[in-house]
Amino acid sequence: MIVPIGPIHPGLKEPLRLKLHTKGEKVLSAEIDYGYVHRGIERIMEGKTWQKCIYLSERVCGICSYIHSQTFAETIERISDARVPPRAQFLRVITNELDRIQSHLLANSTFFKAMEHETLFMYMLSLREHAMDAIELLTGNRINMGWNVVGGVRMDGKTVHFDQILEKLKNIEEDFDRYVEIYEQGPLTGLRSKDVGKMSREEALKGRAVGPIGRASGLKHDLREEHPTYRDNFEFKPIWRKEGDNFARTMNRFDEIPQSIDLIRQAIDNIPDGDIRKQVEIGSAYGEWRNEAPRGEVTYMAETNGNLIKHISIRTPSIMNIDSCAKYMLKDVATISDAVATYATADPCIACAERVAIVDVDKGKFSKDIFNLK
């Protein structure tokens, strides 16, 4: 029989319908139905100035909103052949890693809630508040920060802000190891996490899984290795695991949090003096840029006409990870409740997946040559 989960369901953060093909309690396969919160942000951006579009880009996702505005800005900077001042680059790293911390903690909290471990669910949200406070100290906001502009960042960070951010990171570290130990050694971990929702490395490649989802299945890929700011200024190596189950995905996010804290400390200790923004003359050209969002690779492809955005296409990590979850992670899961928990470990963001306009490429709305479509 088919068991529908959603579009409105206590185990789902956002509307989506999960169709489970079952035999008794066992899940044989799964399908995903999208379309419940479609917004068409790409189409809305067309013909607007970059100032309006960067505002819209930050609203593609309500959880990892920051990386969208940075990727949009860096796409326009690439088109304009503009180099951002070094201080602004370091400030972007600090904000990006703070946002990664809060996103990973929220993702794990959602899994613990789906696994019916409400104590860890609340512990994760409590830790996340320290990261959110640190973001607010630096940018003035918690979610939609309005921090990035083409050519740099909007405001500077002062020593007093950096000192307070470091205190917030210490608050996270005080309880972090204990909470991870509770999960690793808890009875629910063996019953409902290890060897549940397995996805092999080959399946992750077929599904094009990205971010912690792909790295938990053995894909050693993190775009921060390739980003010029990280590559030239920071010590960094991707964190990965090979088990490919719910436990590996959760632990991969846990393991990346101390790494993000270390990157923030490196940035604060070595942040250069100087300007935080430069004026950029935007030309008429095509450009693209990729960044490592908390969920994985996010790509912006844009064509500009001076200060106006002529065409834009956004590829977010959620669409690949949700499809990988449906095709591989949910296959042969023992129970329906474990299927809901497995879906949560994919850290799905429906807002990201539903951001696009429905466009017929063959009618010439987007140029096949520009976007390298086959």
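**Cavities, a pocket and a few local points**

This structure holds two cavities of 30 Å³ or more. Keep in mind throughout that the model is predicted.

I will take the largest cavity first. About 60 Å³ of space lies in it. Which residues line the largest cavity? They are Gly11, Leu12, Lys13, Glu14, Thr110, Tyr343, Ala344, Pro348 and Ile350. By class, that lining divides into five nonpolar, two polar and two charged residues.

Now the second largest cavity, which has about 40 Å³ of space. Its lining consists of Ile67, Gln70, Asn96, Leu223, Arg224, His227, Tyr230, Asn291 and Glu292. Helix 3 and strand 6, residues 286–293, are the elements that give two or more residues to this lining. Sorted by class, the lining of the second largest cavity has three nonpolar, four polar and two charged residues.

Next, a helix pair. Helix 4 covers residues 86–114 and helix 13 covers residues 336–345. In general, two packed helices are described by the angle between their axes and the distance between the axes. Here the angle is about 180 degrees, and the axes of helix 4 and helix 13 are 8 Å apart. Because of that angle, helix 4 is roughly antiparallel to helix 13.

Who meets whom in this contact?

How many residues line the second largest pocket? The count is 16, and Glu74, Glu77, Ala82, Val84 and Trp289 lie nearest the centre of the pocket. Helix 3 (65–79), helix 4 and helix 10 (228–233) each supply at least two residues of the lining. Helix 3 gives the most, with four residues. The lining of the second largest pocket has six nonpolar, four polar and six charged residues.

Now some local points on the backbone. Most residues other than glycine have a negative phi, and most peptide bonds are trans. Asp81 is not a glycine, yet it has a positive phi of about 55 degrees. Asp81 is found in the loop between helix 3 and helix 4. The peptide bond from Gly6 to Pro7 is cis, with omega near 10 degrees. Pro7 lies in the loop between strand 1 (2–5) and strand 2 (17–23).

One more loop residue is Gly47, between helix 1 (41–45) and helix 2 (50–57). Where is Gly47 relative to Lys310? The two are 263 residues apart along the chain, and their C-alpha atoms are separated by 5.5 Å. Leaving aside neighbours within four places in sequence, Gly47 is in contact with Leu308 and Ile309.

Last, confidence. The protein averages a pLDDT of 90, and 95% of the residues score at least 70. Which elements have the lowest and the highest mean pLDDT? Helix 15, residues 368–371, has the lowest, at 34, and helix 11, residues 246–270, has the highest, at 97. Over residues 357–374 pLDDT stays under 50. For that stretch the model has 27 contacts beyond four places in sequence. Where pLDDT is low, the predicted coordinates should not be read in detail.

That is the end of my part.

How values were computed:
Residues are numbered from 1 along each chain as its sequence is written. This is a predicted model: local features need pLDDT of at least 70, side-chain atom pairs count only at pLDDT 80 or more; totals for chains, interfaces and linings use all residues. Side-chain values use heavy atoms; hydrogens and water are left out. Axes are lines fitted to C-alpha atoms, for helices over the stretch in contact, and angles run from 0 to 180 degrees between N-to-C directions. Angles under 35 degrees count as roughly parallel, over 145 as roughly antiparallel, 65 to 115 as roughly perpendicular and the rest as oblique. On a 1 Å grid over the protein atoms alone, a cavity is a set of points where a 1.4 Å probe fits but cannot get out, and a pocket is an open set with protein on both sides within 12 Å along at least five of seven lines; lining residues have an atom within 4 Å of a point. Ala, Val, Leu, Ile, Met, Phe, Trp, Tyr, Cys and Pro count as nonpolar, Asp, Glu, Lys and Arg as charged, and the others, Gly among them, as polar. pLDDT is the predictor's confidence in each residue, from 0 to 100. Contact means heavy atoms within 4.5 Å. Grid points are joined across faces, edges and corners, and a volume is the space filled by probe spheres set on the points.
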